[in-house]
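Take a first look at the structure below. The text starts from one residue and then widens to the whole chain.

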Amino acid sequence: MYVIYFLICLGASILGAISGIGGGVIIKPVLDSLGTLNVSTISFLSGCTVLSMTTMTLYRNRHSEVKIDKKKGTILAIGAAIGGLLGKQIFDIVKTLSGNPEMAGAVQSFLLAIITFGILIFTLKKAKIRPLQVEGMVMPLIIGFSLGTISSFLGIGGGPINLAVLYLFFAMDSKTAALNSIYIIFFSQAASILQTLFKGAVPEFEWSVFFMMIAGGIIGGTVGPVISKKLSLKGVDKIYLAMVVGIILISIYNGINYLGII
């Protein structure tokens, strides 16, 4: 299983670095479908993997022609980091109130499927949608906070939600949105993991699994930017759409599986 964990994280991190979805939105539902780890452990290990991937991706892109909008990106990242703390709290409350980790996993899976389906429709119609040019500090902060809350609750780091928002509110093209999304995910994941550490709520896991997943994240974050530079905007869009469809299908399967229907 260790090799499988590594390959899942490696593939998800490469694709996540290219498209900007971060990898967590692939890692979590795929690990959910395996049924070998509980929901809390998957969310924590996925977050650690994504943090390692985003760190390496940002480092590899420090001299890239595609730039991070430091002003807007940092405001969004701060909002996402704060929202990530709230999202984690909400998930813990849902898990406690349900009294059943499987039910919490089902809620996460179905909500992820619904949101991702909405993003798929938006992406297909994107050419007909005129993007906005949001300025100032307040709106980006609110937008970042909303992104962080939703992403942290779902345990995905940001994923396709970031890209849709960055296009709609800030008129960013695919590659620019991808790098700015990675920047935002880095801060939100760091805040979420630090909160878990300070609360002493780190779930039990095998260190060998942890290191294999982190290795996949680091290598993926190294390889992904190299591939991204060779792809056109249309190439990045095609990878993104394929991943969105896959996420929807896996999330629906996981939700049904958590409920014990299959």
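Leaving aside residues up to four places away in sequence, lysine 229 touches Arg60, Asn61 and Lys175, where contact means heavy atoms within 4.5 Å. The model is predicted: local features need pLDDT of at least 70, side-chain atom pairs count only at pLDDT 80 or more, and totals for chains, interfaces and linings use all residues. Residues are numbered from 1 along each chain as its sequence is written, and side-chain values use heavy atoms, with hydrogens and water left out.

Lysine 229 belongs to helix 9, which covers residues 207–230. Helices here are DSSP runs of H or I with at least four residues, and strands are runs of E with at least two, numbered from the N terminus. With a relative accessible area of 53%, lysine 229 is exposed; exposed means over 50%, buried under 20%, and partly exposed in between, using a 1.4 Å probe and protein chains only. Serine 146 is 83 residues from lysine 229 along the chain, and their C-alpha atoms are separated by 30 Å.

The chain as a whole has 10 helices and 0 strands. Of its 262 residues, 52% count as buried. Among contacts in the chain with a separation of 6 or more, 86% come from residues 24 or more positions apart.

For 262 residues, a compact globule would have a radius of gyration near 18 Å, and the 17 Å of the chain agrees with this. That radius is taken over C-alpha atoms, and the globule rule is 2.2 Å times the number of residues to the power 0.38. The C-alpha trace spans about 45 × 35 × 35 Å along its principal axes.
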